[in-house]
Amino acid sequence: MYKIENDKIYPTLDCVRKLTGEDMIINTGSSIKAEAEVRQYTESVYEELVRSNTILNYTNIEDLIRTNETWRNEFLNVVCRVIYRDYTTEQETPIIVKDTIDSNRLLRLKTVVV
């Protein structure tokens with residue numbers, strides 16, 4: 001469902017296909033481009049989590065996603081929802097990322113006890 005690169009969790013192309021129905025290889029034309037695009041979406045979600053969170057810093061969020069199954073699953077679901085919405089709506093990606101995080105009960109928390 002996910003892979004770890006540079007201590008970050010990324011959904012696999014298979015995970016994206018299972019959760020969204022979107023085949024990123026077909027959408028982008030190659031597996032290399034597809035994986036790069038999934039990494040870009042994932043980075044956008046990480047960045048928005050850090051920007052919108054007042055308590056956790058980047059390292060804390062990465063640690064929670066890497067070590068806590070609930071946070072990891074929610075994060076993967078959010079990344080996949082962002083990808084799906086980006087392919088199926090006319091909204092700009094930054095708005096999609098923010099709205100998707102804001103609609104997630106766990107990831108939208110402004111204060112978290114770690």
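Biologist: What share of the residues in the protein chain is buried?

Modeller: This is a predicted model, in which local features need pLDDT of at least 70 and side-chain atom pairs count only at pLDDT 80 or more, while totals for chains, interfaces and linings use all residues. Residues are numbered from 1 along each chain as its sequence is written, and side-chain values use heavy atoms, with hydrogens and water left out. Buried means under 20% relative accessible area, exposed over 50%, and partly exposed in between, with a 1.4 Å probe and protein chains only. Of the 114 residues in the protein chain, the buried share is 39%.

Biologist: Which helix has the lowest mean pLDDT among the elements of the protein chain?

Modeller: The value called pLDDT is the predictor's confidence in each residue, from 0 to 100, and the protein chain averages 87. Helices (H or I, at least four residues) and strands (E, at least two) are DSSP runs numbered from the N terminus, and the chain follows the order β-β-α-α-α-α-α-α. Among these elements α1 has the highest mean, 96, whereas the lowest, 81, belongs to helix α4 (residues 58-67).

Biologist: Which helix does Lys-8 tie to its strand through Glu-43?

Modeller: Side chains of opposite charge can pair when their charged atoms come close. A salt bridge is a side-chain nitrogen of Lys or Arg within 4 Å of a carboxyl oxygen of Asp or Glu, and Lys-8 meets Glu-43 in one at 3.0 Å, N to O. Lys-8 lies in strand β2 (residues 8-11), so the pair ties together parts 35 residues apart in sequence, the partner Glu-43 being in helix α3.

Biologist: Are Lys-8 and Glu-62 buried or exposed?

Modeller: Lys-8 also forms a salt bridge with Glu-62, where the closest N and O atoms are 3.8 Å apart. This pair links strand β2 with helix α4, across 54 residues of the chain. Lys-8 has a relative accessible area of 12%, and both Lys-8 and Glu-62 are buried.

Biologist: What is the relative accessible area of Arg-51, which forms a salt bridge with Glu-48?

Modeller: Arg-51 and Glu-48 both lie in helix α3, three residues apart, or about one turn of the helix, and their closest N and O atoms are 3.1 Å apart. Glu-48 is buried at 9% relative accessibility, whereas Arg-51 is exposed, with a relative accessible area of 59%.

Biologist: Which residues does Asn-104 contact, leaving aside its neighbours within four places in sequence?

Modeller: Asn-104 is found in the segment after α6 (93-102), and with a relative accessible area of 4% this residue is buried. Contact means heavy atoms within 4.5 Å. With those neighbours left aside, Asn-104 is in contact with Glu-74, Val-78 and Arg-81.
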